[in-house]
Amino acid sequence: MNAHGSEDPAEVLDDIVGHIPPVSATPARGKHLLDIVDLRVAYPTKGFLSRPVEVLHGVSVAVEEGRTMGLVGESGSGKTTLGRAVLGLAPVTGGSITFDGHEIAHASRSERRKMAADIQVVFQDPYTSLNPSMTIGDILSEPLGSQGISGAEARKRVRNLLDRVKLPVDSMDRLPREFSGGQRQRVAIARALALEPRLIVCDEPVSALDLSTQARVLDLLLEIQEQTGVSYLFVSHDLDVIRHVSHRVAVMYKGEIVEQGLSGKVTESPDHPYTRRLMLASPVPDPDQQAKRREERRAFAAKVASQLGEPAA
Amino acid sequence: MSAVVDDVSAQAEPGGLGGAVKRPGVAGRLFRNPMGTASVLLLAVIVLSAVLAGVLAPHDPARATDNVLTGPTALNLLGTDSNGRDILSRLLFGARGTLMSAAIAAVVAILIGLPAGLLAGYYGKWFDGLSSWATNILMALPGMIVLLAVRAAVGPNIYLTMVIFGVLMSPGFFRLVRTATQSVRNELYVDAARVAGLSDLSIMGRHILGVVRAPVIIQAAMVSGIAISFQSSLEFLGLGDPSAATWGVMVNDGFRNIYRQPLALLWPTLAISLTIGSFVLLANALRDALEDHVNVKEKTSASRRPATVAAVPATVAAEPVDAHLCEVRDLRIEYPQPGGERKTVVDGASWYVDRDEVLGIVGESGSGKSQTAFAVLGLLPDNALVTSGQILFEGKRTIDTASRRIDQSALTGLRGRRISYIPQEPMSNLDPSFTIGSQLVRPMTRILGISKSEAVTKALDLLSAVGIPNPKRTFSAYPHQVSGGMAQRVLIAGAISCDPDLIIADEPTTALDVTVQAEVLDVIRDLQTELHQGIILVTHNFGVVADICDRVAVMQNGRIVEQGDVRTILRHPAHEYTQMLLQSMLVGKPPLTRLMSDSATGGMK
């Protein structure tokens, strides 16, 4: 794998200078906020003496300050597991995860709690990621409370958060079920922003949303990045979504990264046959262009199949 | 069918703020239930009489007189017992001991079962194993014998007995809390709280306790009732403190003198029955009140017939001579809502589909696109009303305009035979307990009337026609043994097995990976080229529309805003809603730029 920063370092530096407030510790390797090296994750299985099932087989990927790393893959590729490992929600069995120079792959619960201000998450399903019995105000002040912010200060921050994700202030006293999917996802984004984190893991944040709602939520995520300089590790199965929001893209297949690089390169003219297959399978909204793409895909299918060792369905 | 209900409830859900229906809280629903009101009132009376026994009791409950075993008199309203003590006074004072025992048993059981269940459910591992083991031992102990042994060891101390009884009842709470905790532990909002930096203790307090609170309260009411019956039984057997005024001791005394004064037995028995009964009824009412809370959505969408029948001008056009394969004219589907109004989910939709063409119905959630498709299939929920319009299959009407419902008799001969269906969720549309083969063969033997061996041959042909590499193996496999893409191919094979003329595909590729989606669309396209069916494809994806559809109808809020040739609609959309949807597409947009010009105000769509 080539060094992650080989492309246009000046622009990246501009970004850092422009957006990132001065931080106490200098990042170990300059612009990599998150560095994942040779990560392995294995889930224990039920039964006596049964072996754990490894779902990530040595994955290396990095997220730059203020930038978005898009992780694309199909179901079972391990992309969600990678995001959960960064959050400390998946059992890491090998490799390292370095955040801002600190090794976090095996951080204890109390160390994790300290990191909550730096790493946050937006989950896929806005219906189960919000506790149905808590008001929006309670949901948003929960992370604040964990960092010792409460009372009037917390309420002020919650109002600002709602404003930032463009929800009315009176949402505070309402329950999640009174909101549509897109609005709930805005609440989830506001919760992730509450502690002004430096990295947000976005786990399929728009895949449960309607097309127009998806566009608005993506707009919001981009706007937030512009304003705050937050980095995203953006996980999605949709190559179009990944292309739209990412600076760099990594393609996952069966627990490994088969290709990564600049977004434009990987998503428009990929080198790896799997990425190419993924690209050609994604339909375009014009009948004639789509017919052309379909022919390309079919022509490519046989070749891909031999390289991936799969039958051409 | 579940897809229908989902779609409706999604629409019944308030789309924006301020539309929420205020629902009464748990207490409100409890008191709306006569059983709940009665049990709460009765328990309140019992508790009050116990508290105020000193004021209410006309006599000293322990004072013996010579008036032995009298019936009700002016002096002793409920009569006297074998020592001449006033039964009413003893009942009032006895309530104290009885309620106290119930409270002790319930509190002890909760104090042990709740924290142990929380810890075991949340952390699992060794604590779970150990506590489950201890629970199993406790549950294997015969409660009454343990209590008798305790009584023999420490004497007639009813409160200590009740503490032990609480311990014996704690496994019930433990199991309840453990199961509830396990189901919540993996919810995304608990993960989010962890990422937000909450300690385990605050996660349990904030997110998990709320979920287990309701079942624990219900269980506590049940345990209180059981505790009273156990305590009374022990005292009735003569194992209580004979000097204390308790209901069990009174039953004992009454029973021994049942022939001399039967009423002396009746009063304490009545008190015990009423109290236990109230606890049990309260537990039931609480359960109903709490479950109603969970089912809010279904109730609002799937109940209540309309109170008034509005006069509907059923405009019926003359039957066309040259009929389309399937035509929908001015279709309007409404659902009655609580409060009398009706919600319109399809509002005057008209379209047609012919053989050899694919009509795409496109729209976002709540646009009514699935409802339209289900109306053609005749699979609308029972309370759906077709308040205007007509559906014609080869010119034959399938709506009964008089009853404003689907004419099921007209559809029975068509569904499965002439009209078939490809669902959105392949896995939930295959029965996990039958092999794929038997699920393909049975409809063919029924509908086509062919023999089983013919049907098996045909099923194998179909499986290979939909691109399944090893038809024999898939034929004898169970649904869980194949992937989602394979399952969808199986359902497509099923859909074409009886040579239908019309296939209705409701988001057939939405649940599939994009590479599998492309293959499944290929299968559908190839089959149509060969078999010339008409296909109605419901989708939200314009890429899928471009790939397979000939004509498109765009739906918004139950209305068709635009329809026509696929190239015209996708390249030159006339309606602003279609334009907005196409504007939301990511293909061809410069990365890292805004998609919606109105995104600043678009949040509250």
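1. Strand E4 (residues 385-393) of chain B is joined to E5(B) by two bridges, and the two run antiparallel; strands here are DSSP runs of E with at least two residues, helices are runs of H or I with at least four, both numbered from the N terminus, and two strands pair if DSSP finds at least two bridges between them. Within this pairing, Phe393(B) stands opposite Lys396(B) in E5(B).

2. The model is predicted, so that local features need pLDDT of at least 70 and side-chain atom pairs count only at pLDDT 80 or more, whereas totals for chains, interfaces and linings use all residues. Residues are numbered from 1 along each chain as its sequence is written, chains are lettered from A in the order in which they are written, and side-chain values use heavy atoms, with hydrogens and water left out.

3. E4(B) and E5(B) belong to an open, antiparallel sheet of four strands in the order E2-E1-E4-E5 (chain B), in which strand E2 (342-353) and strand E5 (396-397) of chain B are the edges, each pairing on one side only.

4. Between chain B and chain A, about 6,300 Å² is buried, with carbon and sulfur atoms giving 55%; buried area is the accessible area (1.4 Å probe) that two parts lose on being put together, summed over both. The contact (heavy atoms within 4.5 Å) takes 68 residues from chain B and 74 residues from chain A.

5. There are 11 salt bridges between chain B and chain A, each a side-chain nitrogen of Lys or Arg within 4 Å of a carboxyl oxygen of Asp or Glu. Among them, Asp288(A) pairs with Arg567(B), the closest N and O atoms being 2.6 Å apart.
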